[in-house]
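Thanks for coming. I will walk through one structure this morning, so please have the sequence and the model open on your screens.

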Amino acid sequence: YSFCMLQGIVMNKIRVALQGKDLRDAILEVDETMLTQDTLKMVLDVIPTAEECSILKSFNGETATLDRPEQLLLSLVDIPRLTGRLKAMIFKSQLEDEMHAVFFKQIDDLKSACETLKGSTEMQALLEVVRNVGNALNAGTNKGKAVGFRLSTLLKLADLKGVDKKTTLLHYTLEVVRANAPKILCVTQLLPLMSAAARVELGYLRERHEQILKDLEQVDNELTALEEEEERRQEDRLRESGGGAHSTRAAGLENDQFHDVLTQFYNWASEERQSFKETLDSSVELFGELCLFFGEEQLSEPHELFEQLSQFLTRFAAVNKQLEEAASATKKPAPRRRGSATRQVSTNIKPP
């Protein structure tokens, strides 16, 4: 009883979502203005089971005597391959939403960050300053002639404090930069790119690509199965009519647009999937080259690289702001004491 009641509630939500349109027509016409992803999922949850379909098909009474949920279910039982059809429509809706807004955007974010960072003269100059500062501090030791350093070293600059326990090695690095190469300060403009790239998940993108392949195969299977069923129905109608003229579609399915709409989608999605795979592979290669550039070739996910860089640039910007404020404070003129101001006497005033 509770399931039937729940089913009735869900069907009522579906009727509200369809705004008066018949559910059967919406499914056959692939009406995506009415059948949103959420609505399609609700329909998928309440469609008749094989047992229910058998019972409903055997019903010979007046449809008006049935409850509204049962009437709704009865209208769906003769739609060919209903479950597979709904799943294909859900996949279509999801992929059209995600392909460019999610998948290609993430790939573009990663590609842009890799290309910009590797080509940034400011970042390269900053890394050179950090290396020189480190070599100067380690002069006379085995570490005093380093030709490179680990990425994690950048974050340690803010942890190594001076004698006053307030100034860090990052402060000293900023002072060197501000005094000798102020253009390097523009490196903080890379922060938005680093933050966006850090959110990219290559493992997730690879998994989604594999799932898209499987879902496209299912769509292809559904289209093929529908074509085969339609051929059998046409042969049956041809035999029944004795070889005379016959309708190309079964009665009640004249407005079935699924095959045409999903064929067009399948062709589009197949091309987009191929482009997705190629651009993903290209971006993975760029990321690998960037990791090698930073001496971190063992990294596999963008966040492992870009989160460290983002944290460093954030600290870099914060310390630079501190130094700017300190420099501005020392440049402010001392306030004049009241009554100490003097006026210049004009020499052009004639005595009376």
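Let me begin with cysteine 114, which is buried, at a relative accessible area of 2%. Before I go on, please keep in mind that this is a predicted model.

How far is the sulfur of cysteine 114 from the closest cysteine sulfur? The distance is 7.5 Å, and the partner in question is cysteine 291. That is too far for a bond, because a disulfide needs the two sulfur atoms within 2.5 Å. If you search the whole structure, the number of disulfides found is 0.

Next, the helix pairs. Please find helix α11, residues 202-240, and helix α12, residues 258-293. Their axes are 10 Å apart, and the packing angle is about 160°. Angles over 145 degrees count as roughly antiparallel, and α11 and α12 are therefore roughly antiparallel to each other. Their crossing is left-handed. As for what kinds of residue make up the contact of α11 with α12, there are 16 nonpolar, 4 polar and 5 charged.

Is leucine 223 buried or exposed? It is buried, because its relative accessible area is 5%, and the cut-off for buried is under 20%. Setting aside the neighbours within four places in sequence, leucine 223 touches Phe258, His259, Leu262, Thr263 and Tyr266. Take phenylalanine 258 from that list. In sequence, leucine 223 and phenylalanine 258 are 35 residues apart, while their C-alpha atoms are 8.7 Å apart in space.

The second pair is helix α10, residues 191-198, with helix α13, residues 302-331. Here the axes are 8 Å apart and the angle is about 150°. So α10 and α13 are also roughly antiparallel to each other. As α10 passes α13, the crossing is left-handed. Which residues meet? From α10 there are Leu191, Met194, Ser195, Ala197 and Ala198. From α13 there are Pro302, His303, Phe306, Glu307, Leu309, Ser310, Leu313 and Thr314. Sorted by type, the residues of this contact are 8 nonpolar, 4 polar and 1 charged.

Last, the loops, and a point about backbone angles. Most residues other than glycine have a negative phi. Valine 30 has a positive phi, near 50°, and is not a glycine. You will find valine 30 in the loop between α2, residues 23-28, and α3, residues 37-46. Valine 30 counts as buried, with 7% relative accessibility.

Arginine 81 is another residue other than glycine with a positive phi, near 50°. Where is arginine 81? It lies in the loop between α5, residues 68-74, and α6, residues 82-118. Its relative accessibility is 34%, so arginine 81 counts as partly exposed, whereas valine 30 is buried.

To recap the cysteines: the sulfurs of cysteine 114 and cysteine 291 are 7.5 Å apart, too far for a bond. For the helices, α11 and α12 are roughly antiparallel, and α10 and α13 are roughly antiparallel too. That is the end of my part.

How values were computed:
Residues are numbered from 1 along each chain as its sequence is written. This is a predicted model: local features need pLDDT of at least 70, side-chain atom pairs count only at pLDDT 80 or more; totals for chains, interfaces and linings use all residues. Side-chain values use heavy atoms; hydrogens and water are left out. Axes are lines fitted to C-alpha atoms, for helices over the stretch in contact, and angles run from 0 to 180 degrees between N-to-C directions. Helices (H or I, at least four residues) and strands (E, at least two) are DSSP runs, numbered from the N terminus. Angles under 35 degrees count as roughly parallel, over 145 as roughly antiparallel, 65 to 115 as roughly perpendicular and the rest as oblique. A crossing is left-handed if the near helix is turned anticlockwise from the far one by less than a right angle, and right-handed if clockwise. Contact means heavy atoms within 4.5 Å. Ala, Val, Leu, Ile, Met, Phe, Trp, Tyr, Cys and Pro count as nonpolar, Asp, Glu, Lys and Arg as charged, and the others, Gly among them, as polar. Buried means under 20% relative accessible area, exposed over 50%, partly exposed in between (1.4 Å probe, protein chains only).
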